[in-house]
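Take a look at the model below.

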Amino acid sequence: MKRWRLVAFFVALQALPAYACEQRGAVLLQQISERVQKHRRWTAPFSQRNHIRVLKAPLVSTGRVEVDAESGVVWLIEKPIASRMEVGPQGLTVDGEALRSTQLVAALLRALISGELGVLEQTFEVSGCSDSPRWTADLTPRSAAMQQRITRLALAGSDHVELLTIHQPGGNRLEIELQAPQPLADAG
Amino acid sequence: MPAERKVLAAAWLGLLCGLAAIAGVEHRNGWHLRADILTLLPASQQQPAVQQATQRMAQSFEQQLLLVVPPPATPATFEQTLEIARLLERQMQSSGLFEQEAPASWDATTWQQHRYQLVDTDTLEKIARDPSALLKETEAALFGLATSPVDLEHDPLGLHQRTLREFLPDNVEPLSERAFLTGTGTLFITARLRASAFDAGHAQALLHWMADMKRWANGEGRTLLASGLPLFAANGAVQAQREISLFGSLSLAGVVLLLLFTFSSPRPLLATLTCIGIGTAAGFLLTHAVFGYVHMLTLVFGVSLIGISVDYALHYLCAEGGIADVGRGITLAMLSSVAAFASFFATPFPGLQQIAAFSGAGLVAAWLTVAGLLPLVRLPGPGDLGQRAMRALSGRGDHRLRHPWPVAAVTALALLSGIAMLQPNDDVRVLQSVDPALAEDDAQARLHLPEQRASQFFLVEAADPAELARIEQSLSERLEGLGVAHRALVHAYPTEAQQAASHRTLQAAYYDSGALADWYLGLGMDDSLVAANAEAFGAAATVLSLPAWAEAAPPPWRDLWLGCDATACRSIVTLASVPDPGTLTRLDVPGATWVDRVEEISSLLARYRTLATEALGVVYLVLGAAFLALFGLRGGLRVLSVPALSVLTALAASGLLGLPFTLFSVLALMVVVGISLDYGIFYHLHGRQRPATALAISLSALTTVLAFGMLSFSSTAVVETFGKTLFFGITAAWLAAPLAGQPIRSSNP
């Protein structure tokens, strides 16, 4: 009898996180988007840790992101190798050179960084939790083509996106930590 | 009951049982009505290589539907376009009309393994300028926000991705497995229709779905265009179905009223409908059993059976002496018609063979019903109205012309000038009625595609891959000289010498110099892994032959490669457009063959038109010989004059009206010969004075014209021609029929 109770306890324990918080799809993305602070223009420092399976230590870089609700996102890496990536409506531009056929990636990046997540539902299966002060979301690409670039995305945050982890094929992962956003004055 | 009658009755019962058995078997196998025009055409009779190439080219668009959403007038955000794509794809999934599985993605393994050989020219130039540039780019990607994954261990220079970039269609971005966005903001979605969607039953569903989607897109402020063979096939099927049911029921209504008025009793009508019903059922079932499907066009032409099979019943019903009176006549009539149609069976044209099978089985069954079943039931003769009509019609054609020669001369002149004006037209497009809205949509949709491709192409054939590459090269140079944009394997394939040179370049720039090893160690990679990379590079020195490269190439290029067999290697060179087919046909590059499927089908149609015309001539001669033997010189010539005049009149009328003279005109003439011979036979056997003959033939002509006059209104050019040819032919046959009868003095009422 005691053994059975023990088994039942462990079974209940297993099931616990499931009903503690498990949300899916568009509803979750909508809830998260509502919780993220809205500024028309803002900036935030970030740090990146690129964990490459075949390297002894992660590659660390730091920089600053500038977001404009209309014109898009500028991803500035300051150290160790300076680079400037513009994530605009027409796609990506890296150090002044436009990359063709990158509108989808650009839209996804804009959504991930600004926390306007609705657009992600088309490309990803979404699950996660938005009950506690912090929220998490787990995104898995729907298409095989996208899976060749990203195997999984993990997002976590509170009133802004705090942590973004991009899992890539081959066991590599890129962790991005964003600091609290600082509103910027409207340009012109 | 005489023994002969018993045998016929038993045979009729046997026929019914046989039909029931076939129906049972076919029902278990499933019914198939087909509407795609290509199934009616013979398999290409050119060399198998051309056929293989044609199939490869057709595969990609036969089941393919392309939805195109051009950018709206006021620019849409990318997110809005993405949402449109998502909703359209969801609608496609839930409609059940399309293949659910996404097209298999391209297997890049072979090309990846040969990345050191397949380096593109831009990259080679970059390396020549500054070998460290590629390493710096990779490093920036590792420390930045890489948009495509970096395989640091195996491909630190990103060679595979660089090669692929050359092969992606310019400025087309995949949004999902099926949806793509062009640089100009046009969204297009590809869909493969389920095979079952080609059955006529699904045609309506597809068209409804398309209309719904267009309305929905309009509501969203966007335009939805569609292109693809399936839509044309569906449109044709729905139109044919509508016409068959409309014309079928109208002509049936006409026949019903005519018979009710003539016989003043429903029983003869019932007997006639039984004949038509059993005849049509037999034709349908036998055709389905032999071919595995019945084509919509066969069914449309199958309606012509009503015209012939109704004759047998009418002769029987009008005759006072029952089957003894008309038995010989309807048997001769049936045999001659079946013989006429059987000649189609000798052609290698599946469409003609289906019609031959349908008509042959239908006529025999209708005849057997008249000869076997009708004598067993009591049927009233013509009623009041019928008797009056009989009196009015008997002796038709008896008054003599005072000046027959001038009349004959004018008639002959009219006939000859009409025939001289005949315009043969074998364009395959007359077979299909193309909805102008659909065609406009299709043309608009195609304009938005990022890459145009003509249906014509060159097939290149050579003993070995090296020779093939040489031929492609010289063909390509000729095409460039003419300014014709084209796609050939030789453009994209780096030769084996170039591949070996690429490997040597990389060896010198990154391995011999130690540049890569230093860079790796600087990033913090383990010594053993650095050594392993160098070893793998040394081992990967094999080059890709053209066949191996092409087998593993991404889709648009892979489709150009047909492979090698014991005799030859073959490939395709596609063209963006064909500004002047004449010049290209004459382009004389040994080993390269110009293939034009539309032109090929049209010339096949021309061949079969000639073939069918010859068959018609042979049938006429054979039947002529038989009738001369049967009825003597004078009688035979009289009988034969009826089909001759009918056919000539139909031809002349077509010429004067400017109707195209097609294979299907000949087909109609075959029916005219069958029916007009019936008329001639009866007038010959029973003379002009016998009122029953006159009534039966007049009723028959009226019912036939009712049935085919309808077809003249069809929107499909070929059915319209068929209908009008029959209309003129049968009218002429009715007018000319009395010529076959004995003159008054020797008539024998």
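Which strands of chain B are included in what covers the buried residues of H17(B)? Strand S2 (64-69) and strand S6 (225-227) of chain B are among them. Helices (H or I, at least four residues) and strands (E, at least two) are DSSP runs, numbered from the N terminus.

This is a predicted model, in which local features need pLDDT of at least 70 and side-chain atom pairs count only at pLDDT 80 or more, while totals for chains, interfaces and linings use all residues. Residues are numbered from 1 along each chain as its sequence is written, with chains lettered from A and ligands numbered from 1 in the order in which they are written.

Now look at the helix itself. H17(B) runs over residues 436-447. Its twelve residues reach 17 Å from first C-alpha to last, close to the 16 Å expected at 1.5 Å a residue. That expected span is 1.5 Å times one less than the number of residues.

B:Asp441, B:Asp442 and B:Ala445 are buried in H17(B). They sit on the same side of H17(B), because they cover an arc of only 100 degrees around the axis. The arc is that of the directions from the helix axis to the C-beta atoms. On the other side, B:Pro436, B:Ala439, B:Glu440 and B:Ala443 are exposed. Buried means 20 or more other C-beta atoms within 10 Å of a residue's own, exposed 12 or fewer, and partly exposed in between, with C-beta atoms placed from the backbone.

Next, the chains together. The contact takes 33 residues from chain A and 32 residues from chain B. Two residues are in contact if their C-beta atoms, placed from the backbone, lie within 7 Å. H3(A) gives the most to chain A's side, with four residues.
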